[in-house]
Amino acid sequence: MKTYIPYGRQSISEEDIQAVVGVLRSDFLTTGPAVSGFEKQTAEYTGSRFGVAFSSGTAALHGAAFAMNIQPGDEVIVPAITFAATSNAVVYQGGRPVFCDVESDTLLMDPAKVEALITDKTRAVIAVDYAGQPCDYDALRRICDAHELLLVADACHSLGGRYKGRMACSLADMSILSFHPVKHITTGEGGMVLTDNKGFESRLKMFRNHGITTDYRQREQSGSWYYEMRELGYNYRITDIQCALGMSQLKRLDAWIGRRQAIAARYDRHFSASEAVAPLSCRPDVSHAYHLYVVRLRGADRGAVFSRMRNSGIGVNVHYLPVYRHPYYSERLGYRAGLCPVAEDAYEHILSLPMFPGLNDAEVDFTAEKLLEACSVSV
Ligand SMILES: *Cc1c(COP(=O)(O)O)cnc(C)c1O
């Protein structure tokens, strides 16, 4: 096997291409019916009342931080292990992210450690369904309710997952999706906030459109030229071209989740007897959406294993450096090393293996065999 196996990759069908071409031949390239159609279908799929689509998952997170009115001085609790965009959204609004340590077996934010971080400045908790496993939302909801905090889910990894039978992305006050090509469904770039709250929905729509209270299509329909800018918003709109692709992709989401779970089960079987390779645990009461398949190496040197895998043409990766150890956070914002010891220790030993629906069984077997081999020579 000579070709490079990436860690993630989109699947594009002829039907996807036709859907995009259809929009190019239509009247609306942006702010049109494909945007509202995609929002409606995604909200329905997850069991949410509203979906508001954005130009990226990061823009959607920024929108959520705006919608809940995070302001300078406010604190928001976020996990140490996540993509930086989760906590950047708090910083965009002038708020301060407070990093919570993770559980060592799942790398999900540890609810037992959240409560100790709450102060009179805390406004919200942003949970991250790391790798695709939904967090313990019952525990988080109890804590948030007791302290009157909002609960937001960065669900960029967990579209299609379930928690105690309930859909991920429908369990928090707002849930954020990303449609980057490595995520479960793609629009090229794109994101969405899902919510049941009408007030959040209207603030999100205003925020993605410069802080203007009506959009172009609404003005066309009402025959009026007048609009008002009420808040400092952005142009965070997504196009109809992208949303047509999103709607087309959504039709295959369930099949893709099934394939991701089958790949994970196949990897698990390869590693079940290994001392050196330990997959992260999956709780019995969730259905894991497997955006990532992450293992923890025991004994072998992660750097050496990483190089050997890359040299074998396997696109392993590391998700993630604890956010506060990025120089922007440590040097500019003053966060110190050692803040979340479980996360820092885990970071030294984790590796993400290729995981995407188009990965075939032979590639899974090849990856697993190469990993076991790379670990045995580098102990
Ligand atoms: C992908 C991702 C984002 C950001 O999404 P973009 O669409 O790339 O802006 C945010 N949080 C997490 C956890 C992600 O994986």
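This report covers strand pairing, salt bridges and pockets in one predicted model.

The model is predicted, so local features need pLDDT of at least 70 and side-chain atom pairs count only at pLDDT 80 or more, while totals for chains, interfaces and linings use all residues. Residues are numbered from 1 along each chain as its sequence is written, and side-chain values use heavy atoms, with hydrogens and water left out.

**Strands**

Helices (H or I, at least four residues) and strands (E, at least two) are DSSP runs numbered from the N terminus; two strands pair if DSSP finds at least two bridges between them. An open sheet of 3 strands has the order S7-S6-S11, with antiparallel pairing. Its edge strands, each pairing on one side only, are S7 (166-167) and S11 (286-287). Strand S6 (residues 162-163) pairs with S7 in the antiparallel sense over 2 bridges, and Tyr163 stands opposite Arg166 in S7.

Strand S12 (residues 293-297) runs antiparallel to S13 and is joined to it by 4 bridges. Val295 stands opposite Leu351 in S13. In strand S13 (residues 350-353), Ile350 and Ser352 point one way and Leu351 and Leu353 the other way, and all are buried. Here buried means under 20% relative accessible area, exposed over 50%, and partly exposed in between (1.4 Å probe, protein chains only).

**Salt bridges**

A salt bridge is a side-chain nitrogen of Lys or Arg within 4 Å of a carboxyl oxygen of Asp or Glu. By this rule the count is 20.

| Pair | Closest N and O atoms |
|---|---|
| Glu15 and Lys251 | 3.3 Å |
| Glu201 and Lys205 | 3.4 Å |
| Asp345 and Arg296 | 3.7 Å |

Glu15 forms a salt bridge with Lys251. Glu15 lies in helix H1 (residues 14-24) and Lys251 in the loop between helix H9 (240-250) and helix H10 (253-271), so this pair ties together parts 236 residues apart in sequence. Glu15 is partly exposed at 47% relative accessibility, whereas Lys251 is exposed at 63%.

Glu201 and Lys205 both lie in helix H7 (residues 198-207), 4 residues apart, about one turn of the helix. Glu201 is buried, with a relative accessible area of 8%, and Lys205 is partly exposed at 34%.

The salt bridge between Asp345 and Arg296 links helix H13 (residues 341-347) to strand S12, and so ties together parts that are 49 residues apart in sequence. Asp345 is partly exposed at 40%, while Arg296 is buried at 10%. Elsewhere, salt bridges that share partners join Arg259, Arg266, Asp361 and Asp365 into one network.

**Pockets**

On a 1 Å grid over the protein atoms alone, a pocket is an open set of points where a 1.4 Å probe fits, with protein on both sides within 12 Å along at least five of seven lines; lining residues have an atom within 4 Å of a point. Volume is the space filled by probe spheres set on the points, which are joined across faces, edges and corners.

The largest pocket has about 420 Å³ of space. Of its 20 lining residues, Thr31, Lys205, Arg208, Asp215 and Gln218 are the closest to its centre. Helix H2 (33-46), H7 and helix H8 (216-222) each supply at least two residues of this lining.

The second largest pocket has a volume of about 310 Å³. It is lined by 22 residues, with Phe83, Ser178, His180, Lys183 and Tyr320 nearest its centre. Helix H3 (57-67) and helix H4 (85-92) each supply at least two lining residues; the largest share, 3 residues, comes from H3.
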